[in-house]
Amino acid sequence: MKPPVFEYMAPRTVEETVRVLGAAETAGGAVPLAGGQSLMPLLNRRRVRPSLLVDLNRVADLDTLIVGERTVRIGALTRLRTLEAHGPLRTALPVLHDTVRLVAHPQVRSRATLGGSLCHADPAAELPTLALALGARLRLASAGGARTETADEFFAAGGTSRLPGELLTEVEFPVPEGFRFHFEEIPRHAHGGFPLVGVCVGVRRDAAGTVTHARIAAAGAADHPLRLTEAERALTGRQLGAPDGVARDVLDAATAQASPPSDLHGSGAFRTALLRTALRRAVTTLNGQETA
Ligand SMILES: Cc1cc2nc3c(=O)[nH]c(=O)nc-3n(C[C@H](O)[C@H](O)[C@H](O)COP(=O)(O)OP(=O)(O)OC[C@H]3O[C@@H](n4cnc5c(N)ncnc54)[C@H](O)[C@@H]3O)c2cc1C
């Protein structure tokens, strides 16, 4: 199918972008276009019918990457391929580098953007899950000003907290001191598509190897990217390498919080079983790494 008829604008600054987004939202619907890897299929299937398409690709201020000591700040228009190829980012936040490489294929990653992935917020997507586990902060701009949301606030059930007329401009990832993170996924195909289930686990351990802090989030485990706070609590205060592997109550806590969907790729019960497997694998991998 062909997309519906729409107006097209390609602003060059953030200020101009939020002005046209705000004006058109009230006049019947403006949609930002980033890499187009999700939006173009939606337009072609007429699942989205904007009056105005606002192309972000000429807004240079959205294509930024600053690696600091405590935080990494990434502009919303930064391509996944850029994240994958950035040496200092890989050193500062290896789990971001490793997780980006799990997303789609190189062709898709050369167009898709961080902001597009977070705003599309597919429940099975890797980067929203990573943003939850890392405790990312999202900067949103509109004609009325700017505000910051935590990833926990942004990924509300069934969508995001982004308001009409708002533009995601930047994502700030803390560089968590003393933490080790690992993203484990069980893909639908050998590689390159959305996972059936994915889990990102981060732990900080003391000198004796006891977990003092845990961060866990899952993809494909609900109708939105899901932070597994109960499993975090269950993992805290434990050794990762219990004689019988990952403690059953950690897995039980994760599955109690999850409500995976059933679709043609697998039932909810199947995904629940896969969530336990992915979580067990992630914790086992972290256990094989030295404490920081
Ligand atoms: C073959 C294929 C395989 C894929 N496999 C995976 C996979 O394995 N894992 C995965 O996570 N994803 C996968 N994807 C999806 C792909 O990663 C997403 O399409 C991409 O993340 C969306 O980013 P984009 O820049 O293309 O956004 P777009 O498609 O341009 O936009 C997506 C949505 O976000 C909005 N938006 C974009 N930028 C902003 C902004 N700055 N502020 C406000 N709103 C904004 C748009 O209006 C739109 O609603 C796959 C896609 C394809 C085509």
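**Entry 1: the ligand**

I began at the ligand and found that one of its oxygen atoms is 3.5 Å from a polar backbone atom of Ser 117. The model I am reading is predicted, so I kept in mind that local features need pLDDT of at least 70 and side-chain atom pairs pLDDT 80 or more, whereas totals for chains, interfaces and linings use all residues. Residues are numbered from 1 along each chain as its sequence is written, and side-chain values use heavy atoms, with hydrogens and water left out.

The protein covers 88% of the 970 Å² of accessible area that the ligand has on its own, an area that comes from the Shrake-Rupley method with a 1.4 Å probe. Of the 28 residues around the ligand, those that come nearest are Pro 32, Ser 38, Leu 39, Thr 113 and Glu 126, where a residue is listed if one of its heavy atoms lies within 4 Å of the ligand.

**Entry 2: Glu 170**

I located Glu 170 in strand β8, residues 167-174, a strand being a DSSP run of E with at least two residues, and a helix a run of H or I with at least four, both numbered from the N terminus. Glu 170 is buried at 18% relative accessible area (buried is under 20%, exposed over 50%, partly exposed in between, with a 1.4 Å probe and protein chains only). Its side chain makes a polar contact of 3.2 Å with the side chain of Arg 73 (a pair of N or O atoms within 3.5 Å; within protein, one must be able to donate a hydrogen and the other to accept it, and residues adjacent in sequence count only if both atoms are side-chain atoms).

**Entry 3: aromatic pairs**

I found two aromatic pairs in the structure (ring centres of Phe, Tyr or Trp, the last by its six-membered ring, within 6.5 Å; planes under 30 degrees apart are stacked, over 60 edge-to-face, the rest tilted). Phe 154 and Phe 155 are edge-to-face, because their planes stand at 85°, with the centres 5.1 Å apart. Phe 179 and Phe 181 are stacked, because their planes stand at 20°, with the centres 5.5 Å apart. I also checked burial: Phe 154 has a relative accessible area of 0% and is buried, and Phe 155, at 4%, counts as buried.
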